[in-house]
Amino acid sequence: MTERVLVVDDSSFQRTVVRDALAERFEVVDEAENGAEAVDLFEAYEPDAVSMDVVMPEMTGIEATAEIKERWPDAVIVMCTSVDQQEKMMEAVKAGADGYVTKPVDADELVGEFESHLG
């Protein structure tokens with residue numbers, strides 16, 4: 001069975017890059033452009049994993065990660081972040097993030113990160 005993923009980023013360009021990379025190996029169920037939408041879509045689809053941007057309007061990726069992990073502890077969440085956001089990544093790990101990749105996203109690295117957490 002193909003694992004299902006949700007793509008979350010406030011940049012439509014980044015969502016396209018991530019979706020295209022993940023669609024080779026996983027079923028992309030939907031896309032969200034902020035953390036609040038991510039939580040709503042996670043509840044609707046209950047995907048196996050999420051590609052989560054860190055800095056977004058309305059609700060950050062860190063806040064969304066914490067909420068998703070609190071409600072669905074088995075969810076796999078991989079953060080996609082800029083190289084200069086090391087402090088934010090520490091916050092994301094505390095919120096329950098399972099892994100991360102840096103932008104610009106390398107497709108093979110992204111797929112590999114998801115595969116390492118999904119088996």
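Phe26 is buried, with a relative accessible area of 4%. Buried means under 20% relative accessible area, exposed means over 50%, and partly exposed lies in between (1.4 Å probe, protein chains only). Phe26 sits in the loop between helix H1 (12-23) and E2. Leaving aside neighbours within four places in sequence, the contacts of Phe26 are Thr2, Glu3, Val5, Val111, Phe114, Glu115 and Leu118. Contact means heavy atoms within 4.5 Å. Phe26 and Val76 are 50 residues apart in sequence, and their C-alpha atoms are 13 Å apart in space.

The model is predicted: local features need pLDDT of at least 70, side-chain atom pairs count only at pLDDT 80 or more, and totals for chains, interfaces and linings use all residues. Residues are numbered from 1 along each chain as its sequence is written, and side-chain values use heavy atoms, with hydrogens and water left out.

**Overall fold**

The chain holds 5 helices and 5 strands. Helices (H or I, at least four residues) and strands (E, at least two) are DSSP runs, numbered from the N terminus. Read from the N terminus, the order is β-α-β-α-β-α-β-α-β-α. The radius of gyration is 12 Å, close to the 14 Å that the globule rule gives for 119 residues, so the chain is as compact as a globular protein of that length. That radius is taken over C-alpha atoms, and the globule rule is 2.2 Å times the number of residues to the power 0.38. Along the principal axes, the C-alpha atoms fill a box of roughly 30 × 30 × 25 Å.

Buried residues make up 48% of the 119 residues in the chain. Among contacts with a separation of 6 or more, 58% join residues 24 or more positions apart. The chain exposes about 6000 Å², and carbon and sulfur atoms supply 45% of that area. Areas come from the Shrake-Rupley method with a 1.4 Å probe; for residues, only the protein chains shown count as cover.

The chain has 9 positive and 29 negative side chains. The centres of the two sets lie 1 Å apart. Lys and Arg count as positive and Asp and Glu as negative, without His and the chain ends. Each charge is placed at NZ of Lys, CZ of Arg, CG of Asp or CD of Glu.

**Strands**

In strand E1 (residues 4-8), 4 of the 5 residues are buried, so E1 is largely enclosed by the rest of the structure. E1 pairs with strand E2 (residues 27-32) in the parallel sense over 5 bridges. Two strands pair if DSSP finds at least two bridges between them. Val7 has Glu31 of E2 as its bridge partner.

Ser51 lies in strand E3 (residues 49-53). Ser51 counts as buried, at 1% relative accessibility. Not counting residues up to four places away in sequence, Ser51 touches Leu6, Val7, Val8, Val18, Leu22, Val78, Cys80 and Phe114.

**Backbone features in loops**

Glu46 and Glu58 each have a positive phi, although neither is a glycine.

A cis peptide bond joins Lys103 and Pro104, with omega about 0°. Pro104 is in the loop between strand E5 (99-103) and helix H5 (107-118).
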